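Hello,

Here is the structure we spoke about. Please look through it first, then read the notes below it.

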Amino acid sequence: MVDPRVHQLFAQMASGQMSRREFTRGATALGVSASALSLFLKAAPAAAQDVTPATGGATTAPVVATPCAGDACGWAGKELTVQSIDDSVKIPWEEVRDEFEAATGATLNLVLDPIGEAFPKLLNDAATGSNQFDAAMIGMWWLGELVGGEFIRPYDEFYDDTSGKFPQFEFEDELPAIQALRMYGGEKYVVPYDCDGQALYYRRDLLEDPEHQQAFESEYGYALGVPRTWDELLDIAKYFTGKPLGGDA
(Lines give C-alpha, C1' and ligand atoms only; values in the text may rest on other atoms or scores of the structure.)
Protein backbone atom coordinates (compact mmCIF):
# COMPACT_ATOMS: atom_id res chain seq x y z
CA MET A 1 0.00 0.00 0.00
CA VAL A 2 1.30 3.45 -0.90
CA ASP A 3 2.11 5.69 2.03
CA PRO A 4 -0.81 8.17 2.28
CA ARG A 5 1.71 10.97 2.68
CA VAL A 6 2.72 10.42 -0.94
CA HIS A 7 -0.81 11.22 -2.07
CA GLN A 8 -0.75 14.35 0.06
CA LEU A 9 2.47 15.42 -1.65
CA PHE A 10 0.96 14.67 -5.05
CA ALA A 11 -2.10 16.79 -4.26
CA GLN A 12 0.14 19.68 -3.25
CA MET A 13 2.14 19.40 -6.49
CA ALA A 14 -0.96 19.12 -8.67
CA SER A 15 -2.49 22.21 -7.03
CA GLY A 16 0.67 24.27 -7.42
CA GLN A 17 1.57 24.38 -3.73
CA MET A 18 4.72 22.33 -4.40
CA SER A 19 7.12 22.17 -7.33
CA ARG A 20 7.84 18.94 -9.17
CA ARG A 21 11.37 18.99 -7.80
CA GLU A 22 10.09 19.31 -4.22
CA PHE A 23 7.63 16.47 -4.84
CA THR A 24 10.44 14.30 -6.20
CA ARG A 25 12.57 14.90 -3.12
CA GLY A 26 9.70 14.29 -0.72
CA ALA A 27 8.44 11.14 -2.44
CA THR A 28 11.95 9.71 -2.69
CA ALA A 29 12.45 10.27 1.05
CA LEU A 30 9.26 8.24 1.64
CA GLY A 31 10.66 5.31 -0.35
CA VAL A 32 8.76 5.76 -3.62
CA SER A 33 10.45 3.78 -6.40
CA ALA A 34 11.76 5.46 -9.55
CA SER A 35 9.10 3.80 -11.73
CA ALA A 36 6.26 4.87 -9.42
CA LEU A 37 7.72 8.36 -9.18
CA SER A 38 7.71 8.63 -12.96
CA LEU A 39 4.02 7.72 -13.07
CA PHE A 40 3.17 10.36 -10.48
CA LEU A 41 5.05 13.02 -12.43
CA LYS A 42 3.42 12.08 -15.72
CA ALA A 43 -0.02 12.22 -14.09
CA ALA A 44 0.49 15.77 -12.83
CA PRO A 45 0.15 18.74 -15.20
CA ALA A 46 3.59 20.08 -16.05
CA ALA A 47 2.33 23.61 -15.52
CA ALA A 48 1.63 22.89 -11.84
CA GLN A 49 5.11 23.97 -10.84
CA ASP A 50 4.46 27.43 -12.28
CA VAL A 51 1.26 28.10 -10.38
CA THR A 52 1.47 30.61 -7.54
CA PRO A 53 1.25 28.63 -4.28
CA ALA A 54 -1.75 29.23 -2.07
CA THR A 55 0.32 29.53 1.10
CA GLY A 56 3.29 31.51 -0.19
CA GLY A 57 6.91 30.44 -0.56
CA ALA A 58 9.05 29.91 -3.65
CA THR A 59 8.18 26.98 -5.89
CA THR A 60 10.83 27.49 -8.55
CA ALA A 61 14.54 26.78 -8.64
CA PRO A 62 16.71 29.61 -7.23
CA VAL A 63 18.26 31.92 -9.80
CA VAL A 64 22.06 31.71 -9.76
CA ALA A 65 23.06 33.20 -13.15
CA THR A 66 22.92 36.91 -13.92
CA PRO A 67 21.24 37.92 -17.21
CA CYS A 68 23.72 39.24 -19.75
CA ALA A 69 23.50 42.36 -21.88
CA GLY A 70 25.21 43.56 -25.05
CA ASP A 71 28.68 42.21 -25.73
CA ALA A 72 28.53 40.18 -22.51
CA CYS A 73 26.10 37.81 -24.25
CA GLY A 74 28.84 35.74 -25.83
CA TRP A 75 26.44 33.15 -27.23
CA ALA A 76 23.88 35.57 -28.67
CA GLY A 77 22.22 34.18 -31.79
CA LYS A 78 23.61 30.67 -31.28
CA GLU A 79 21.73 27.48 -30.52
CA LEU A 80 22.84 24.68 -28.20
CA THR A 81 21.24 21.27 -28.49
CA VAL A 82 21.32 19.01 -25.45
CA GLN A 83 20.15 15.42 -25.30
CA SER A 84 18.36 14.40 -22.10
CA ILE A 85 16.74 11.22 -20.90
CA ASP A 86 12.98 11.62 -21.13
CA ASP A 87 12.06 11.01 -17.52
CA SER A 88 11.81 12.95 -14.27
CA VAL A 89 15.53 13.77 -14.56
CA LYS A 90 14.69 16.19 -17.38
CA ILE A 91 12.93 18.55 -14.94
CA PRO A 92 16.03 20.59 -13.95
CA TRP A 93 16.75 21.27 -17.63
CA GLU A 94 13.27 22.68 -18.02
CA GLU A 95 13.53 24.69 -14.81
CA VAL A 96 16.77 26.49 -15.74
CA ARG A 97 16.26 26.86 -19.50
CA ASP A 98 15.04 30.48 -19.30
CA GLU A 99 17.78 31.40 -16.82
CA PHE A 100 20.49 29.87 -19.02
CA GLU A 101 19.24 31.62 -22.14
CA ALA A 102 19.05 34.98 -20.33
CA ALA A 103 22.59 34.59 -18.99
CA THR A 104 24.22 33.50 -22.26
CA GLY A 105 22.09 34.85 -25.10
CA ALA A 106 21.91 31.34 -26.56
CA THR A 107 18.83 29.31 -27.38
CA LEU A 108 18.74 25.96 -25.59
CA ASN A 109 17.11 23.10 -27.48
CA LEU A 110 16.30 19.92 -25.56
CA VAL A 111 16.05 16.58 -27.32
CA LEU A 112 14.26 14.09 -25.06
CA ASP A 113 14.87 10.38 -25.65
CA PRO A 114 13.78 7.28 -23.69
CA ILE A 115 16.68 5.86 -21.69
CA GLY A 116 16.76 2.71 -23.82
CA GLU A 117 17.22 4.76 -27.00
CA ALA A 118 19.36 7.65 -25.77
CA PHE A 119 22.80 5.99 -25.78
CA PRO A 120 22.54 4.31 -29.22
CA LYS A 121 21.31 7.62 -30.64
CA LEU A 122 24.18 9.52 -29.00
CA LEU A 123 26.77 7.02 -30.25
CA ASN A 124 25.37 7.13 -33.77
CA ASP A 125 25.41 10.93 -33.73
CA ALA A 126 29.06 10.99 -32.68
CA ALA A 127 30.27 8.11 -34.86
CA THR A 128 28.69 9.44 -38.06
CA GLY A 129 29.83 12.99 -37.42
CA SER A 130 26.28 14.33 -37.48
CA ASN A 131 27.06 16.26 -34.30
CA GLN A 132 23.44 17.06 -33.56
CA PHE A 133 24.20 17.25 -29.85
CA ASP A 134 26.45 19.83 -28.24
CA ALA A 135 26.07 18.12 -24.87
CA ALA A 136 24.26 15.14 -23.42
CA MET A 137 23.10 13.81 -20.11
CA ILE A 138 24.63 10.34 -19.90
CA GLY A 139 24.50 7.25 -17.76
CA MET A 140 27.93 6.81 -16.21
CA TRP A 141 28.21 3.27 -17.58
CA TRP A 142 28.38 4.88 -21.05
CA LEU A 143 31.57 6.81 -20.30
CA GLY A 144 34.10 4.12 -21.25
CA GLU A 145 32.72 3.71 -24.75
CA LEU A 146 32.47 7.45 -25.30
CA VAL A 147 36.08 8.01 -24.24
CA GLY A 148 37.34 4.93 -26.09
CA GLY A 149 35.71 6.14 -29.29
CA GLU A 150 37.20 9.61 -28.78
CA PHE A 151 33.70 11.06 -28.94
CA ILE A 152 34.13 13.34 -25.92
CA ARG A 153 37.00 15.35 -24.48
CA PRO A 154 38.07 15.96 -20.89
CA TYR A 155 37.41 19.36 -19.36
CA ASP A 156 40.41 19.62 -17.01
CA GLU A 157 41.80 22.64 -18.88
CA PHE A 158 38.48 24.46 -18.47
CA TYR A 159 38.15 23.46 -14.82
CA ASP A 160 41.66 24.77 -14.11
CA ASP A 161 41.07 28.03 -16.00
CA THR A 162 40.92 30.95 -13.55
CA SER A 163 40.08 33.68 -16.09
CA GLY A 164 36.40 33.64 -15.15
CA LYS A 165 35.28 32.43 -18.58
CA PHE A 166 33.94 29.17 -17.18
CA PRO A 167 31.62 28.39 -14.25
CA GLN A 168 33.48 27.42 -11.10
CA PHE A 169 32.63 24.47 -8.90
CA GLU A 170 34.57 22.39 -6.37
CA PHE A 171 35.22 18.89 -7.65
CA GLU A 172 36.49 17.88 -4.19
CA ASP A 173 33.11 18.67 -2.62
CA GLU A 174 31.76 15.41 -3.99
CA LEU A 175 32.08 11.99 -2.40
CA PRO A 176 35.13 10.04 -3.66
CA ALA A 177 32.95 7.41 -5.33
CA ILE A 178 31.08 10.06 -7.32
CA GLN A 179 34.38 11.69 -8.32
CA ALA A 180 35.69 8.35 -9.55
CA LEU A 181 32.59 7.75 -11.68
CA ARG A 182 33.11 10.98 -13.58
CA MET A 183 36.77 10.39 -14.38
CA TYR A 184 38.44 8.14 -16.91
CA GLY A 185 42.19 7.63 -17.18
CA GLY A 186 42.75 10.29 -14.52
CA GLU A 187 40.89 13.00 -16.47
CA LYS A 188 37.55 14.71 -15.77
CA TYR A 189 34.80 14.14 -18.32
CA VAL A 190 31.39 14.64 -16.70
CA VAL A 191 29.80 17.46 -14.71
CA PRO A 192 27.42 16.16 -12.00
CA TYR A 193 23.74 16.44 -12.79
CA ASP A 194 21.76 13.65 -11.13
CA CYS A 195 23.60 11.42 -8.65
CA ASP A 196 22.23 8.40 -6.83
CA GLY A 197 23.61 6.73 -3.74
CA GLN A 198 23.51 2.94 -3.79
CA ALA A 199 23.42 0.86 -0.60
CA LEU A 200 24.09 -2.84 0.06
CA TYR A 201 22.24 -4.48 2.93
CA TYR A 202 23.47 -7.78 4.33
CA ARG A 203 22.80 -10.17 7.20
CA ARG A 204 25.72 -9.76 9.60
CA ASP A 205 24.58 -12.78 11.61
CA LEU A 206 24.92 -14.99 8.53
CA LEU A 207 28.31 -13.67 7.44
CA GLU A 208 29.66 -14.10 10.99
CA ASP A 209 28.19 -17.56 11.56
CA PRO A 210 31.12 -20.01 12.16
CA GLU A 211 29.41 -22.90 10.35
CA HIS A 212 28.71 -20.80 7.27
CA GLN A 213 32.21 -19.36 7.36
CA GLN A 214 33.77 -22.81 7.40
CA ALA A 215 31.50 -24.19 4.69
CA PHE A 216 31.90 -21.16 2.45
CA GLU A 217 35.70 -21.12 2.66
CA SER A 218 35.80 -24.84 1.97
CA GLU A 219 33.70 -24.37 -1.18
CA TYR A 220 35.10 -21.10 -2.56
CA GLY A 221 38.64 -20.99 -1.19
CA TYR A 222 38.48 -17.68 0.67
CA ALA A 223 36.96 -16.32 3.87
CA LEU A 224 33.30 -15.38 4.04
CA GLY A 225 32.79 -11.68 4.73
CA VAL A 226 31.28 -8.47 3.42
CA PRO A 227 31.76 -8.64 -0.38
CA ARG A 228 34.34 -6.27 -1.85
CA THR A 229 33.81 -7.15 -5.52
CA TRP A 230 30.92 -8.21 -7.74
CA ASP A 231 32.46 -11.69 -8.02
CA GLU A 232 32.47 -12.06 -4.23
CA LEU A 233 28.86 -10.88 -4.05
CA LEU A 234 27.91 -13.47 -6.67
CA ASP A 235 29.70 -16.24 -4.77
CA ILE A 236 27.95 -15.33 -1.52
CA ALA A 237 24.56 -15.19 -3.25
CA LYS A 238 25.14 -18.62 -4.79
CA TYR A 239 26.27 -20.08 -1.48
CA PHE A 240 23.22 -18.94 0.47
CA THR A 241 20.66 -19.72 -2.26
CA GLY A 242 18.36 -22.49 -1.08
CA LYS A 243 19.67 -22.57 2.49
CA PRO A 244 17.28 -22.09 5.43
CA LEU A 245 18.11 -18.60 6.63
CA GLY A 246 15.28 -18.01 9.11
CA GLY A 247 13.00 -15.03 9.43
CA ASP A 248 11.66 -13.65 6.15
CA ALA A 249 14.70 -14.63 4.09
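**Notes on the model**

Just after helix α4, glycine 105 takes a positive phi of about 85°. Helices here are DSSP runs of H or I with at least four residues, strands are runs of E with at least two, and both are numbered from the N terminus. This is a predicted model, in which local features need pLDDT of at least 70 and side-chain atom pairs count only at pLDDT 80 or more, while totals for chains, interfaces and linings use all residues. Residues are numbered from 1 along each chain as its sequence is written, and side-chain values use heavy atoms, with hydrogens and water left out.

Helix α4 itself covers residues 91-104, which is 14 residues. From first C-alpha to last it reaches 20 Å, close to the 20 Å expected at 1.5 Å a residue (the expected span is 1.5 Å times one less than the number of residues). The buried residues of α4 are Ile91, Trp93, Glu95, Glu99 and Thr104. Buried means under 20% relative accessible area, exposed means over 50%, and partly exposed lies in between (1.4 Å probe, protein chains only).

Two residues other than glycine also have a positive phi. Asparagine 131, with phi near 55°, lies in the loop between α5 (115-127) and β3 (135-136). It is exposed, with a relative accessible area of 54%. Glutamate 150 has a positive phi of about 55° and is found in the loop between α6 (143-148) and α7 (156-159). Its relative accessible area is 71%, so glutamate 150 is exposed.

The structure holds 10 aromatic pairs. Rings of Phe, Tyr and Trp (its six-membered ring) pair if their centres lie within 6.5 Å; planes under 30 degrees apart count as stacked, over 60 as edge-to-face and the rest as tilted. Tryptophan 141 and tryptophan 142 form an edge-to-face pair, because their ring centres are 6.0 Å apart and their planes are at 85°. Tryptophan 141 is exposed at 64% relative accessible area, whereas tryptophan 142 is buried at 2%. Tyrosine 239 and phenylalanine 240 are also edge-to-face, with 4.8 Å centre to centre and 80° between the planes. Both of these residues are buried.

Regards
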